[in-house]
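Visitor: I would like to go through this structure with you, topic by topic. Could we start once it is on the screen?

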Amino acid sequence: MASRTVQLFPADPAPAGAGFGELTVPVTGGVLGYREAGSHACTIVLLHGISSGAGSWSECARLMAPHARVIAWDAPGYGQSSPLDSAAPSALDYAQRLHALLETLQVDKCLLVGHSLGALMAAAYSSLPDSRAGAYVLMSPALGYQGARSAQASRVREGRLKALKELGIEGIARNLPDRLLTAQASEHARDTVRNNALRLQPAGYTQAVELLCGDDIDRFKPPQDRTLVYCGDSDIVTTPEQSAQYAQRHGYPFALIPHAGHACYVEQPHEVARILLEAAAKFDVQGTKT
């Protein structure tokens, strides 16, 4: 199906979480927290990164809800979601928990969107034989520190866990906006990054650090003809060069999101919402809701 242009009308930023409140469902291994907006055949599922949560997608969800059913999860160990059993879970462990959520919410087919560490989880989900993702959008993908990058794993693990111990969640949250956003980002965007980070749980964050340091996105192969890669043009965390090289290795189309740092969907929600709705239309992603 040919892509189409989706018209999004400018609107004032909504309060964090407005119309996108927290919900939970029981799954094997505990519960999963998620947020949902819209009620349409087109379904878009959103996965956040290591220092964030489902609520960070609130502005994007508000913009997309008139056109799609939008679901954002809190990964295991985040928000109200139960952590995984393993102290050092793999991307497949997160992918299997995601599959349980999609089954429970009766999502037959979706556009699966992963940001940063969520992109590693989304890529892993593509390897499940009963995947319910019809297409993938990977934004500023975290590549992981195994495989070709294993020499950096110990340094990254030590640095992140040291920051957690010495700064605590509040200290990490306080410093994040300057790292994840450009200097031109709005105060609303800065508050969104900070407030979602304040909800981090040390145990869940520690598991996610182990995932980042112990897995490798290149071992998963989302379909070449149904995967798109994006990155903020000013991203200093997963740089445009790194994201472009990843896309090139696997033959995925790649594009930059203008005037955006790492948290591109927080800083440029209108542009990201447009990209995702057009991708959902292009790939004819139709799910069900009963």
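Predicted model: local features only at pLDDT ≥ 70, side-chain atom pairs only at ≥ 80, totals over all residues.

Visitor: Let us begin with the core. How many residues does the largest nonpolar core have?
Guide: The largest nonpolar core has 100 residues. Those with the most contacts inside it are Ile44, Leu111, Leu112 and Leu276. As general background, nonpolar side chains tend to be buried together in soluble globular proteins.

Visitor: Which residues is leucine 112 in contact with, leaving aside its neighbours within four places in sequence?
Guide: Leucine 112 is in contact with Val45, Leu47 and Leu98, and also with Ala122, Tyr125, Ala133, Ala135, Tyr136 and Val137.

Visitor: Turning to helix packing, at what angle do H3 and H6 pack?
Guide: Helix H3, residues 117–125, packs against H6 at an angle of about 65°, and their axes are 11 Å apart. H3 is therefore roughly perpendicular to H6. The crossing of these two helices is left-handed.

Visitor: Which residues meet there?
Guide: From H3, Leu117, Leu120 and Met121 meet Ala208, Leu211 and Leu212 of H6. By class, this contact of H3 with H6 has six nonpolar residues, with no polar and no charged ones.

Visitor: And H4 with H6: are they roughly parallel or antiparallel?
Guide: The axes of H4, residues 153–180, and H6 come within 10 Å and cross at roughly 160°. That angle is over 145 degrees, so H4 is roughly antiparallel to H6. The crossing of H4 and H6 is right-handed.

Visitor: Which residues make that contact?
Guide: On the H4 side they are Ala153, Val156, Arg157, Arg160, Leu161, Leu164, Ile169 and Ile172. On the H6 side they are Pro202, Tyr205, Thr206, Val209, Glu210, Leu212 and Cys213. The contact of H4 with H6 has 11 nonpolar, one polar and three charged residues by class.

Visitor: Is aspartate 218 buried or exposed?
Guide: Aspartate 218 counts as buried because its relative accessibility is 18%, and the cut-off for buried is under 20%.

Visitor: What does aspartate 218 touch?
Guide: Not counting residues up to four places away in sequence, aspartate 218 touches Arg149, Tyr246, Arg249 and His250.

Visitor: What about histidine 259: where does it lie, and what is its phi?
Guide: Histidine 259 lies in the loop between strand S8 (254–257) and helix H8 (264–267). Its phi is near 60°, a positive value in a residue other than glycine. At 58% relative accessibility, histidine 259 counts as exposed.

Visitor: What separates the C-alpha atoms of glutamate 241 and cysteine 231?
Guide: These C-alpha atoms are separated by 9.2 Å, and the two residues are 10 residues apart along the chain.

Note on methods:
Residues numbered from 1 in each chain as written. Heavy atoms only, no water. Core = buried A, V, L, I, M, F, W, Y, C linked by side-chain atoms within 4.5 Å. Buried < 20%, exposed > 50% of the residue type's maximum accessible area, 1.4 Å probe, protein only. Contact = heavy atoms within 4.5 Å. Axes fitted to C-alpha atoms, helices over the stretch in contact; angles between N-to-C directions. Helix = DSSP H or I, 4+ residues; strand = E, 2+ residues; numbered from the N terminus. Parallel < 35°, antiparallel > 145°, perpendicular 65-115°, else oblique. Left-handed = near helix turned anticlockwise from the far one by under 90°. Nonpolar A, V, L, I, M, F, W, Y, C, P; charged D, E, K, R; others polar.
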